Amino acid sequence: MAHYMILLEENPGNMPPDLSPEDIQSIVAKYQAWRDGLASQGRLQDSNKLKDEGGRLMVKQGGTTQVTDGPYSESKEVIAGYFVIEAANYDEAVALCQNCPHLDYGRIMVRAVDMVTCP
Amino acid sequence: MSHGADTTVPRLVDHLFRQNAGFLIARLTGIFGGSYIDDAEDVVQEVMIRALKTWPFSGVPENPSAWMVRVAKNCALDLIRRHQVFRHKQDTLIATVEAWHESDTADAPRFSHEVRDEQLRMIFMSCHPEISPEGRLALTLKVVGGFSTGEIARAFLSSEATVAQRIVRAKKKIRGLTLPFAMPVADQVAGRLDSVLQVLYLIFNEGHSAHEGKNHIRAEFCQDAIRLVNLLTRHPLTAVPEVHALAAYFYFQAARLPARCDARGVPVILARQDRRLWDQEMMQRGVLAMARSARGVHLSAYHLKAEIASCHTLAETAAATDWPRILHLYDLLLAQSGDAVVALNRVVALAETIGPRAALEELDRWSAEPRFETYLPYFSVRAELHARLGETEASRRAYRRALALAMSEPVSDYFREQLEAVTARDR
């Protein structure tokens, strides 16, 4: 089975600031249920949150490499974290993400990991 | 939730976040001081948000409460180092936070006494008689119950701004008078306890209010009032008969909650409820609490209310209800309080013992009560009495008033059905 990288844009923690503890728990529980589903089907390979700070952006310009702090934390497109799952093909990978609660908060990008095996 | 999932995956206990919010706010207020509830709340909000940012990816940690304690400690240390007002006692505060063991969590049985006592100090501070009654209620729900301003506003049908304003004023009062984060001293317990019990009673009744239909926050208010009264029944200083009586009242009332609405959420009147749905365990707890309350010489209003609730809840059938006893208890309660709402409840008992005519005459004596102009139960009782006397027009008038005051769809449905039934009888 192939591996698919599931990239979640926008962190659920950047939601409206007036969430109550009970609201927060219900959101966490939804993600947990989705995760459990993947894990119980043996599909979950790895998952991690990325740090909130924007990271570094490196660009080579005129022979020197410019390193800037990523402005990503301000941007909607920031990747909040990722999951690596196993699926037979894109259709199946997408199907596994159909009920991901993240779709209520931000975009999901699904990319197949190109696993090159040595002959 | 998928079945067949690995059972070792940590599960989120119901209300874990809310429970931890109350615990952490009390612990941090104890560390920072009563004037810094806002800071305690900021730290706790940060803890909750970090969990929300992290747990979707990492999964729920093995021990979620210990995770929250660890994050709370780190955030608290940051705040202490940053905050100008803490500068002069920075070292002491840092030492206190660092001494807080991560296994000392909201749900650690080993520390249950400390947790209980901290919560009690918080309750006594937020229910201080110097704070306005509305302020006490809102602040207690917020900082002890872990409810948000929005949730409190929705439950009390008021605006978020109003509730927020009440909380701000209450905190200002605490700062202004430097009210202590402490249990009252022994000779002040009785007076201070009054104010606490009033708040718990209001929290419970708000959750229990028969005329508002289903609302999950309300049910949680009932649960929380029961949790809080139990903190009081377990502390030697506050385990007085009156507190047990209030606990008994909560249990007997809560026992009937499962049967109070039908599947559509429409309220079911007491006489028609399916008594098999009543919660037996709650009833037993009620009986036990009532036995514990039967000490001393003082017959408090809570004793009377508990006994009335027990008459309803322990009756095998609606017909077996001991109405003469209930009427007698309402007589005593009315003599104690002179309260119009008590009088209204007494009218119901009068109708059952003497008859609807006598009940209606008594109700007329209270009809000038200003609160009744917008009090749904008043019109509901009036409509019912007129209907029983065959006074269809008057009954319909009262049902229409009740209908206009109904705040939720299921309750409106109930009164619409009543109105139709009375009208149909007339044809």
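# Reading the Geometry of a Predicted Model

Modeller: The crossing of α1(B) and α2(B) is right-handed. This description, like those that follow, concerns a predicted model. The axes of helix α1 (residues 16–32) of chain B and α2(B) cross at roughly 140° and come within 8 Å, an arrangement that makes α1(B) oblique to α2(B).

Colleague: How do the axes of α2(B) and α3(B) cross, and what does that make the pair?

Modeller: Helix α2 (residues 37–58) of chain B and helix α3 (residues 64–82) of chain B have axes that come within 9 Å and cross at roughly 130°. That angle makes α2(B) oblique to α3(B), because roughly antiparallel would require a value over 145. The crossing is right-handed. B:Val43, B:Val47, B:Ala51 and B:Trp55 are among the residues of α2(B) that meet α3(B), where the partners include B:Trp67, B:Met68, B:Val71 and B:Cys75.

Colleague: What makes B:Cys75 count as buried?

Modeller: B:Cys75 has 7% relative accessibility. The term buried applies under 20%, so B:Cys75 counts as buried.

Colleague: At what angle do α11(B) and α12(B) pack?

Modeller: Helix α11 (residues 241–255) of chain B and helix α12 (residues 280–293) of chain B pack at about 160°, and their axes are 8 Å apart. An angle over 145 counts as roughly antiparallel, and α11(B) and α12(B) are therefore roughly antiparallel to each other. Their crossing is left-handed. Among the residues making the contact are B:Pro241, B:Tyr251 and B:Phe252 of α11(B), together with B:Met282, B:Val287 and B:Met290 of α12(B). The contact divides into 13 nonpolar, 3 polar and 2 charged residues.

Colleague: Why is B:Pro241 called buried?

Modeller: The relative accessible area of B:Pro241 is 19%. Since buried means under 20%, the term applies to B:Pro241. This residue lies in helix α11 of chain B and touches B:Ser293, B:Arg295 and B:His303, not counting residues up to four places away in sequence. B:Pro241 and B:Ala294 are 53 residues apart in sequence, and their C-alpha atoms are 6.5 Å apart in space.

Colleague: How do you know that A:Cys100 is in no disulfide?

Modeller: The count of disulfides over all chains comes to 0. For A:Cys100, the nearest cysteine sulfur is that of A:Cys97, 6.2 Å away. A disulfide requires sulfur atoms within 2.5 Å, so A:Cys100 is in none. A:Cys100 is also buried, because its relative accessible area is 4%.

Colleague: Is A:Arg43 buried or exposed, and which residues does it touch?

Modeller: A:Arg43 has 10% relative accessibility, so it counts as buried. A:Arg43 is found in the loop between α1 (21–40) and β2 (44–49) of chain A. Among the residues that A:Arg43 touches are A:Met1, A:Glu86, A:Glu92 and A:Leu96, not counting residues up to four places away in sequence.

Colleague: How do you know which accessibility class B:Thr317 counts as, and which class B:Thr178 counts as?

Modeller: B:Thr317 has 40% relative accessibility and so counts as partly exposed, the class between under 20% and over 50%. B:Thr317 is found in the loop between α13 (301–314) and α14 (323–337) of chain B. B:Thr178, at 57% relative accessibility, counts as exposed, because the cut-off is over 50%. The loop between α8 (160–176) and α9 (189–208) of chain B holds B:Thr178, whose phi is near 35°, a positive value in a residue other than glycine.

Notes:
Residues are numbered from 1 along each chain as its sequence is written. Chains are lettered from A and ligands numbered from 1 in the order in which they are written. This is a predicted model: local features need pLDDT of at least 70, side-chain atom pairs count only at pLDDT 80 or more; totals for chains, interfaces and linings use all residues. Side-chain values use heavy atoms; hydrogens and water are left out. Axes are lines fitted to C-alpha atoms, for helices over the stretch in contact, and angles run from 0 to 180 degrees between N-to-C directions. Helices (H or I, at least four residues) and strands (E, at least two) are DSSP runs, numbered from the N terminus. Angles under 35 degrees count as roughly parallel, over 145 as roughly antiparallel, 65 to 115 as roughly perpendicular and the rest as oblique. A crossing is left-handed if the near helix is turned anticlockwise from the far one by less than a right angle, and right-handed if clockwise. Contact means heavy atoms within 4.5 Å. Ala, Val, Leu, Ile, Met, Phe, Trp, Tyr, Cys and Pro count as nonpolar, Asp, Glu, Lys and Arg as charged, and the others, Gly among them, as polar. Buried means under 20% relative accessible area, exposed over 50%, partly exposed in between (1.4 Å probe, protein chains only).
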